[in-house]
Amino acid sequence: MPWIVGVSGASGTPYAAAVLRALLAAGESVDLVVSRASRLTLLDETGISFRDAHWRDDLAEWLARGADGKPHTHAADLTGVRYWNAGDLAAGPSSGSYATKGMLVVPASTAAVAGIALGLSKDLLQRAASVTLKERRPLAVAVRETPLNGQTLRHLVTLDDAGASVVPTSPAFYAGATHIQDLVDFVAGRVLDAVGVRHGLYRRWKGELGGGSGTEPA
């Protein structure tokens, strides 16, 4: 069974790329939904145009790019990826009878958060997330916005009450980050932690001070 990965229009396409690479590296299958708004963000952040007719080539170029924008930094086997158009409300993930392991929305815009919390199902991303909730499957929502207003906070509480894991895209520094990719991978790793997917994206806390810096505290 696949994991559904929904990419919304929030800034943070490197987070989505890191999650996708890690899922594929773990031998997981992925059903990918890329919203219309996220294509604009992807173009702005990477220069890559995501096209339905050439999605495999465009995805390969995207996943090969590092968080610093350098091309040909990573490698990923796309054999386990199935792509669904965000406007296709008859797609497999639109139905609860379509078996999946769960869903990750990364990054999640405030519009996507609102749509999922209110059950609007205006596109396949929102519909698939609503289905994931109603079927009691794991749902991780990696919200990417700051500051957060009261309305969005209430929507996030609604999602938490419904059983979703709300994962702010907030990198930590105790893991010894030395590169922007390390910060991105930490967030991606926490998203995967929320749904129980094993990975090696970041160094975990072991209860010893100085582990991140490589030095002992004075």
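Helix H4 (110-118) has a buried stretch made up of Ala-112, Val-113, Ala-114, Gly-115, Ile-116 and Ala-117. Buried means under 20% relative accessible area, exposed over 50%, and partly exposed in between (1.4 Å probe, protein chains only). Helices (H or I, at least four residues) and strands (E, at least two) are DSSP runs, numbered from the N terminus. The buried residues of H4 pack against S4, H5, S5 and helix H6 (150-161), where contact means heavy atoms within 4.5 Å.

The model is predicted: local features need pLDDT of at least 70 and side-chain atom pairs count only at pLDDT 80 or more, while totals for chains, interfaces and linings use all residues. Residues are numbered from 1 along each chain as its sequence is written, and side-chain values use heavy atoms, with hydrogens and water left out.

**After H4**

Gly-119 follows H4 and has a positive phi, near 70 degrees. This glycine belongs to the loop between H4 and H5. From Gly-119 to Ala-129 the C-alpha to C-alpha separation is 8.8 Å, with the two residues ten apart in sequence. Thr-169 lies in another loop, the one between strand S6 (165-166) and H7. Leaving out residues up to four places away in sequence, Thr-169 touches Tyr-15, Ala-142, Val-143, Arg-144 and Val-187. The table sets out the accessibility of these two loop residues.

| Residue | Relative accessible area | Class |
|---|---|---|
| Gly-119 | 42% | partly exposed |
| Thr-169 | 13% | buried |

Two strands pair if DSSP finds at least two bridges between them. S4 and S5 run parallel and are joined by four bridges, and Met-103 stands opposite Leu-139 in S5. S5 also pairs with S6 in the parallel sense, over two bridges; here Ala-140 stands opposite Ser-165 in S6.

**Nonpolar cores**

A nonpolar core is a set of buried Ala, Val, Leu, Ile, Met, Phe, Trp, Tyr and Cys residues joined through side-chain atoms within 4.5 Å. The largest has 38 residues, and those touching the most other members are Val-5, Leu-23, Leu-32, Leu-59, Trp-62 and Leu-104. Among the elements giving two or more residues to this core are strand S1 (3-7), helix H1 (13-25), strand S5 (139-143) and helix H7 (180-195). H1 supplies the largest share, nine residues. Apart from neighbours within four places in sequence, the contacts of Leu-32 include Val-5, Leu-20, Phe-50, Leu-59 and Trp-84. A second, separate core of 22 residues includes Trp-84, Val-105, Val-113 and Leu-125.

**The largest pocket**

A pocket is an open set of points on a 1 Å grid over the protein atoms alone, where a 1.4 Å probe fits, with protein on both sides within 12 Å along at least five of seven lines; lining residues have an atom within 4 Å of a point. The largest pocket has a volume of about 200 Å³, a volume being the space filled by probe spheres set on the points. Its lining has 15 residues, and Ser-35, Arg-36, Ala-37, Lys-122 and Asp-123 lie nearest its centre. Helix H2 (36-46), H4 and helix H5 (124-134) each give two or more residues to this lining.
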